[in-house]
Amino acid sequence: MTILMDPTSERAPENRQPLPRPVDLEGKTVGLLDISKPKGNIFIDRLEDLLVQKGLTTKRYIKPTFTRVAPVELNQQIAAECDVVIESLAD
Amino acid sequence: MSYSVIVKEDCATCQLVVPVIKQLKGDDELTIYSQDNVQFPSGVSVIDDTQLEYSWHRRIETVPTLIKFDDNGEELARVVGWEKSEWQALTGRPLGFDLPDFRPGCGSKSVDPGMPEKLAARFDRDKLQSRELTISMEEDDVEACYDRGWSDGLPVVPPTAERVMRMLTGTNRLPDEVIGVVPPDLVPCTIEKIAINAVLAGCKPEYLPVVIASVEAALQDEFCMHGLLATTYFSGPLVIVNGPLSRAIGMNSKGNALGQGNRANGTIGRALQLVIRNIGGGKPRGVDRSVFGNPGKYTYCFAEDETNSCWESLAVEKGFSETASTVTLFAADGMQGIVDQKSRDPESLSRSFAAALRVVGHPKMIMAADVILVVSPEHERIYRLAGWTKQDLKNCLNRLLTIDGSELIAGAGGIAEGIPEKLAGKKLPKFREGGLNIVRAGGSAGMFSAIIAGWGASGTIGSVPVTREIK
């Protein structure tokens, strides 16, 4: 554990905050990431049906294996192609 | 009346005076503090000062130190090392007749290298007011600084309390002193926050007064730091350091003065930028709307070469003495080179300079950007041999840069850019009065000089160079 002295104006909260969430999904491209857990695809398929019914654009991605973190290239591809991403965790 | 003595076993003089300490312990109210072994001296009660808290608060530099207190616990006097007559005078009793008259003491463990800042961080922590952030064992310190947005893109030094305390030893000013408000968020700026950012930047404590003066200069209204940050123009703050301190801290004013490789040049300019970023909240593509920026927005700082110059320095021109150390802040673009290897008289070289200066901003832009002309020693020599003062050169350049309005109006030369057509018959200066500045710097070989153009908004509508003495 290291203690660091805050170099800023201390206007931001002490803990790091997640990136701001979009107010709505209108016009957004939604990434759907299947982490290769069994039946994850069923969950993702259903989500995709619902999103497409709302007129949204979806893109599908698959992690090579749920046992490891996603490859950097896959993270970069999703970040470049999508506005938001939904990651499924199923069994 | 009472006494305390501070000793360590690993000190031959402390070993020597053990009989004296035991005699005093028997006769008087004496408290013994041991820095390294609570069993030393043996056979008497000893207070454990292995954490060095007592030594730190008493500012002990040498062991043994014998301190005399009045009945209220106020220190009356102290002696350091062993000097028989002084110990006898302090205690008013005969002591140590079988000992030599004098033995120097040893260094206190509280002043071992690196120890003062550790002790300051431990025991003077209440002098700092900044928020403490806990970084977990799993996080890399440098990555944690990136993640929190504190970096300009290059790695920063993680600002631990010890490093901040060490940085603050570079100034006598109190950590809670507010020196101004930093744009764009208009946040009060303390010496402590500047010190933390100086740690991030990689400064040594001895650079801190230069960083503080730079921030003070940047926060002067006439420098217009908010506008300089927010502009779409190329500019950012440049720090030019003059005077003996620039040499004392090893700043580079010679070869590659505008380039990389010198810690003071590199980190002082960077610390100023990090103050604007972290305290003021001014970030690229946030309030900083610059189209391009320039590489100097990482760091932009150099010293004027004042040694053997035939010209008065920039600081002297601004009214400071040669013995004063100053910073001058200038709203600066990147650097444009001037190559003239054939001129051997000042008239010819000045015409080269003028031709190059004409294009600052745009060949038709006048009285908008100021400029710093950085003259190399080989070019300066030509003026020295001809007996030209700096003012002679300025007068010559301003004369050569008085331009016929017909060349500058919109549409002239088939270029839409330009000044209003009604000015066609006027003779107009390229630079506003006082807008042409000259300093001497650079390596001793090479007939090159450099133009550092300024922000397109100068004078009362924009930024004016600001000089501050370093205290």
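**Note on a predicted two-chain model**

1. In strand S10 of chain B, the residue that A:Met5 has as its bridge partner is B:Glu132. The strands concerned are S1 of chain A, residues 2–5, and S10(B), which are joined by 4 bridges and run antiparallel.

2. Turning to the contact between the chains as a whole, chain A contributes 12 residues to it, while chain B contributes 27 residues. On the side of chain B that touches chain A, the elements giving two or more residues are strand S10 (132–135), together with helices H6 (141–147), H7 (161–168), H8 (191–201) and H12 (263–279) of chain B. Sorted by class, that side of chain B has 13 nonpolar residues, alongside 7 polar and 7 charged ones.

3. As to confidence, the model as a whole scores ipTM 0.87 and pTM 0.89. For chain B, the mean pLDDT is 96, and 100% of its residues reach 70 or more.

4. Chain A also has an open sheet of 3 strands, whose order is S3-S2-S4 and whose pairing is parallel. Its edge strands are S3 (57–62) and S4 (84–88) of chain A, each of which pairs on one side only. From one strand to the next, the twist averages 25°.

5. Within that sheet, strand S2 of chain A, residues 29–34, pairs with S3(A) in the parallel sense over 6 bridges. A residue-level example is A:Leu33, whose bridge partner in S3(A) is A:Tyr61. Helix H1 of chain A (residues 40–53) packs on the sheet, where it touches S2, S3 and S4 of chain A, and its direction makes about 170° with that of S2(A). Helix H2 of chain A (residues 72–81) likewise packs on the sheet and touches S2, S3 and S4 of chain A, its direction making about 155° with that of S2(A).

6. A helix of chain B deserves a separate look, namely H2 of that chain, which spans residues 18–27 and in which B:Val20, B:Ile21 and B:Leu24 are buried. These residues lie on the same side of H2(B), because the arc they cover around the axis is only 100°. The buried residues of H2(B) pack against strand S1 (2–7), strand S2 (30–34) and helix H4 (84–91), which belong to chain B.

Note on methods
Residues numbered from 1 in each chain as written. Chains lettered and ligands numbered in written order. Predicted model: local features only at pLDDT ≥ 70, side-chain atom pairs only at ≥ 80, totals over all residues. Pairing = 2+ DSSP bridges. Axes fitted to C-alpha atoms, helices over the stretch in contact; angles between N-to-C directions. Contact = placed C-beta atoms within 7 Å. Nonpolar A, V, L, I, M, F, W, Y, C, P; charged D, E, K, R; others polar. pLDDT = per-residue confidence, 0-100. Buried ≥ 20, exposed ≤ 12 C-beta atoms within 10 Å, placed from the backbone. Arc of directions from axis to C-beta.
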